[in-house]
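My notes follow in the order in which I checked things.

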Amino acid sequence: MANNLPLLKVEKLKRTFISPDGESNLILDIPTFKIRAGEHIGIQGNSGSGKTTFLNLLAGILNADSGSIAFDSRELTLLSESERDVLRAKSIGYIFQTFNLLQGYTALENVTLAMMFAGKPDKKYAFKLLENVGLGNRMDYKPAQLSVDQQQRVALARALANRPKIVLADEPTGNLDYRRARQAVKLIKELCIVNGASLIFVSHDLDVLDDFDTVLDFTILNRAFTS
Amino acid sequence: MKKIFFIVEKSLLQHKLSTVITILSVALATALVMSVFSIRDQAETAFTGGPAGFDAVLGARGSQLQLVLNTVFHLETSPGNIPWSEYTAIKNNENVELAIPYAVGDNYKGYRLVGTTPELFDKFEYTKGKTFEFQKSGKVFNPYLREAVVGSYVAQKTGLKKGSTFNAYHGLYFNKNDRHRKKYEVTGVLKPTNSPSDRVIWVPINQFYMTEGHVLRGGGKEYEAYVHHDPRDIPDVHKEVSAVMLKLKNPASGFKLASSINREGKASTLAWPIGAVLAGLFEKIGWVTKILTLVAYIVIAVAAGSILASIYNTMNERRREFAILRVLGAKRGTVFSSVVIEAVTISFIGTIIGFVFYFILISLASFIIRKQTGVVLDILSIHPVLIITPFVMILLGAVAGIIPAYKAYKTEVASSLSPNN
């Protein structure tokens with residue numbers, strides 16, 4: 001499934017935050033990280049270890065202080081904000097712990113809106129995605145009308161809406177019980193395989209990451225945390 | 001653009017209540033501004049240019065405006081009477097083309113009776129090229145009989161028709177205790193003219209003199225003409241008129257007459273030109289218009305402020321929404337544009353509904369003005385304010401949207417999406 005070419009390669013990535021008292025805190029220092037096209041990696045790390053910041057940097061939502069993020073042969077840190085927006089719309093799927101669905105939109109609209117930003121709205125494919133996550137009969141429901149795991153599945157369908165090359169999943173099972181969390185991981189992995197997408201799945205719970213061949217300990221990956 | 005309109009549509013639907021309230025405030029502001037300017041200008045045009053049909057009015061010494069209001073619009077009280085000899089003198093003046101006497105002082109259920117001569121129906125054009133026309137088989141009254149011609153509005157309101165008889169009441173305001181004994185018979189009902197004449201009952205001036213209780217003072221002492229059986233027996237020396245309506249031969253005639261009557265004479269007043277006299281009225285009540293205009297501008301400012309407030313107040317709750325849109329690939333410009341277009345959409349829809357409110361307001365105003373004065377506004381006329389106001393409202397909407405749009409533009413994606421937010 002996975003090939004040997006790195007889809008994403010991170011080197012010497014650093015990010016600091018300024019604390020309210022004006023102190024500069026290094027919270028992320030990743031010497032190296034890479035993921036091949038189609039590869040699925042689980043990352044385990046405690047709360048506050050910088051996992052979300054890492055994913056935000058990979059998604060181009062945050063700017064790095066230094067270092068390199070090479071994604072699909074493009075250096076992310078050299079792209080303008082607008083170019084990163086386009087790249088994110090077309091090639092990166094993002095699933096959040098709190099799902100971050102748009103509350104005024106139906107399940108179907110949440111998925112099709114994501115497609116609009118990539119410039120390729122495809123209602124039939126949106127239908128198919130929602131059917132694949134078991135929400136074929138809930139397409140016109142708004143998030144508030146859906147259960148927590150149904151919302152999570154809408155978020156998954158939305159993340160896959162533009163056939164991304166990589167899916168970044170930030171604690172997507174954090175609000176689910178263990179049984180549902182395992183089912184969710186399985187579903188996310190399956191759909192990423194079907195879509196040929198790489199997957200970085202972040203969780204504080206090691207048990208949830210049982211199904212991953214590669215599981216990295218973020219406290220080791222992130223030197224800022226170890227130091 | 002499709003995605004921006006989609007976002008705008010969803011946002012407007014998501015905040016239905018504030019959207020509807022804001023749209024209504026814009027609609028009311030638009031309607032109010034358009035109505036104030038449109039009604040003001042149309043009323044001025046209608047009063048100063050439309051319904052007179054005459055060039056000048058000769059009446060008792062006093063206010064020209066009162067004279068015009070009393071004779072042309074059948075409002076206000078008469079400033080007094082002038083002797084019949086003044087009428088005959090002006091009628092024979094070389095500058096006068098047509099002179100028609102009016103005598104007022106009676107009413108029927110609040111509608112004025114105006115004593116006049118048949119020339120009003122034969123020679124007078126109430127508007128260029130149009131003389132009074134009768135409905136069905138109506139005809140002009142006989143100047144020596146107790147007959148009457150009824151204006152269309154009066155006929156509609158009182159039910160008077162050809163062959164009806166009625167008693168007049170003394171005074172310009174209806175009081176059932178002031179009924180005159182002798183009845184008038186209606187010889188015809190006029191077709192609508194959309195002028196103050198529709199609200200009048202025309203009777204022979206001679207019969208006006210012969211109404212019991214009417215005392216003539218044209219000769220300097222009181223004379224009771226109602227003792228005569230035939231009006232032709234009333235000596236001219238005792239007769240008097242409330243006013244003489246004049247058509248002049250040319251504008252220069254007006255200058256000559258105004259000079260001789262208003263500057264050199266002392267007994268009477270010539271109201272000329274009628275349009276200018278009425279324009280003076282609008283100048284006098286100009287402060288009312290100014291206040292209304294100021295109120296209209298304030299209402300516009302409040303409407304623009306309400307657009308700003310309604311969108312700005314949702315900004316905090318929508319911060320996460322904007323961040324999600326950014327994560328999905330929306331550019332900052334897309335988010336900014338969606339908020340500005342949302343504001344413009346509110347203004348646009350408000351303006352469209354504003355036109356509906358405007359037509360309701362102007363129809364109401366037109367109805368009231370017609371009821372009170374007989375003057376008809378052209379509610380379908382296109383006033384420049386009907387074009388300018390929508391543009392201004394939409395522009396103000398866009399400007400009002402800029403502040404919240406900038407806030408949306410500056411949304412910090414990562415911090416806004418934090419589970420703690």
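I count two strands as paired if DSSP finds at least two bridges between them. The model I am reading is predicted.

Entry 1, strands in chain B. I looked up strand β3 (residues 96–108) of chain B and found it joined to strand β8 (residues 165–170) of chain B by 2 bridges, the two running antiparallel. Which residue is the bridge partner of B:D106 in β8(B)? I noted B:H170. I then followed β8(B) to strand β9 (residues 179–189) of chain B, to which 4 bridges join it, again antiparallel. Here B:T165 has B:E185 of β9(B) opposite.

Entry 2, a sheet in chain A. I traced an open sheet of 4 strands, in the order β2-β1-β4-β5, with antiparallel pairing. Its edge strands are β2 (24–36) and β5 (74–75) of chain A, each pairing on one side only. Between strand β4 (residues 66–71) of chain A and β5(A) I found 2 bridges in the antiparallel sense, and A:F71 stands opposite A:R74 there. Helix α1 (residues 51–58) of chain A packs on this sheet and touches β1 (6–18), β2 and β4 of chain A. The direction of α1 makes about 120° with that of β1(A).

I looked up helix α11 (residues 315–327) and helix α12 (residues 332–373) of chain B, which pack at about 140° with axes 10 Å apart. The two are therefore oblique to each other, and α11(B) passes α12(B) in a right-handed crossing. Among the contact residues I listed B:F322 of α11(B) and B:V339 of α12(B). The contact divides into 4 nonpolar, no polar and 4 charged residues.

Conventions. Residues are numbered from 1 along each chain as its sequence is written. Chains are lettered from A and ligands numbered from 1 in the order in which they are written. This is a predicted model: local features need pLDDT of at least 70, side-chain atom pairs count only at pLDDT 80 or more; totals for chains, interfaces and linings use all residues. Side-chain values use heavy atoms; hydrogens and water are left out. Axes are lines fitted to C-alpha atoms, for helices over the stretch in contact, and angles run from 0 to 180 degrees between N-to-C directions. Angles under 35 degrees count as roughly parallel, over 145 as roughly antiparallel, 65 to 115 as roughly perpendicular and the rest as oblique. A crossing is left-handed if the near helix is turned anticlockwise from the far one by less than a right angle, and right-handed if clockwise. Contact means heavy atoms within 4.5 Å. Ala, Val, Leu, Ile, Met, Phe, Trp, Tyr, Cys and Pro count as nonpolar, Asp, Glu, Lys and Arg as charged, and the others, Gly among them, as polar.
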